[in-house]
Amino acid sequence: MAAGSDGLGVASFGDEAEATIRALIDVVGAPDIATGWQDPRDPSNKPLWPGCPGTTARLLQWTGSLRAVFTNWDGNLSAPGGTVPEPFFARYGLLHTSPVRTADGASPGMTLCEARAIYGARISISDRPDDAVELYSFAIDGTGSPLTRTGPLRGWLFPPDGADTEQGPDDNWTIGAFTAGVSSTP
């Protein structure tokens with residue numbers, strides 16, 4: 001199974017949620033966390049659903065490896081809260097111990113130098129840390145923070161211990177995660 005800006009090898013963004021959940025479990029195994037369908041607007045659920053304004057959402061997480069989010073949000077930023085009839089596969093995150101790689105063979109935990117060897121000029125690095133998390137981000141074939149709901153394959157960069165973070169990322173920084181997602185069903 002390969003990860004890309006359009007989804008995971010077994011499912012594309014916008015695919016029906018239940019079928020995608022079954023496909024992921026068939027390939028990756030049972031998740032460590034499976035929230036069941038919850039209302040992301042409920043304040044007690046906010047840690048699980050930052051920025052998800054739909055009326056139902058579900059998280060599957062394979063600890064340290066993979067996270068997949070499903071929602072029924074219609075993606076309308078001007079009128080948040082609108083929904084589509086059926087929940088769909090909306091986003092994923094590959095974490096530091098993930099056996100899943102991108103279609104190009106990249107994985108979290110590799111250095112920026114290794115990522116540049118794969119992506120070359122296709123990788124862009126933010127010119128300053130994201131204010132919300134104080135981390136630099138990267139994107140493949142585009143720009144955008146991992147905090148945005150849609151866009152290219154992207155993620156966070158982590159400095160090596162003792163690095164001067166004021167200078168920004170260099171080749172020794174590590175890719176902490178890859179993430180991708182959509183705002184609404186395609």
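Trainee: How many helices and strands does the chain have?
Mentor: This is a predicted model, and its chain has 2 helices and 12 strands. Starting at the N terminus, the elements go β-β-β-α-β-β-β-β-β-α-β-β-β-β.

Trainee: In what order do the strands of the open sheet come?
Mentor: The open sheet has 8 strands, ordered β4-β5-β6-β7-β12-β11-β10-β9, with antiparallel pairing. β4 (33–34) and β9 (123–125) are the edges: each has a single partner strand, so one side of each has no neighbour in the sheet.

Trainee: And how many bridges join β10 to β11?
Mentor: Strand β10 (residues 136–140) and strand β11 (residues 154–158) are antiparallel and joined by 4 bridges. In that pair, F138 sits opposite G155 of β11.

Trainee: Which strands does helix α2 touch?
Mentor: Helix α2 (residues 112–119) packs on the sheet and touches β9, β10, β11 and β12 (174–181). The direction of α2 makes about 140° with that of β9.

Trainee: What about helix α1, which strands does that lie across?
Mentor: Helix α1 (residues 17–28) lies across β5 (57–62), β6 (66–73) and β7 (83–94), and runs at about 170° to β6.

Trainee: Switching to the surface: which residues form the nonpolar patch?
Mentor: M1, V10 and V27 do, with about 210 Å² of accessible area together. V27 belongs to helix α1 and is partly exposed, at a relative accessible area of 47%.

Trainee: Last one: what share of the chain is buried?
Mentor: Buried residues are 45% of the 186 residues. The chain exposes about 8,900 Å², and carbon and sulfur atoms supply 50% of that.

How values were computed
Residues numbered from 1 in each chain as written. Predicted model: local features only at pLDDT ≥ 70, side-chain atom pairs only at ≥ 80, totals over all residues. Heavy atoms only, no water. Pairing = 2+ DSSP bridges. Contact = heavy atoms within 4.5 Å. Axes fitted to C-alpha atoms, helices over the stretch in contact; angles between N-to-C directions. Patch = residues over 30% accessible without salt bridge, like charges linked within 9 Å, V, L, I, M, F, W, Y side chains within 5 Å. Areas by Shrake-Rupley, 256 points an atom, 1.4 Å probe, with all protein chains shown as cover. Salt bridge = Lys/Arg side-chain N within 4 Å of Asp/Glu carboxyl O. Buried < 20%, exposed > 50% of the residue type's maximum accessible area, 1.4 Å probe, protein only.
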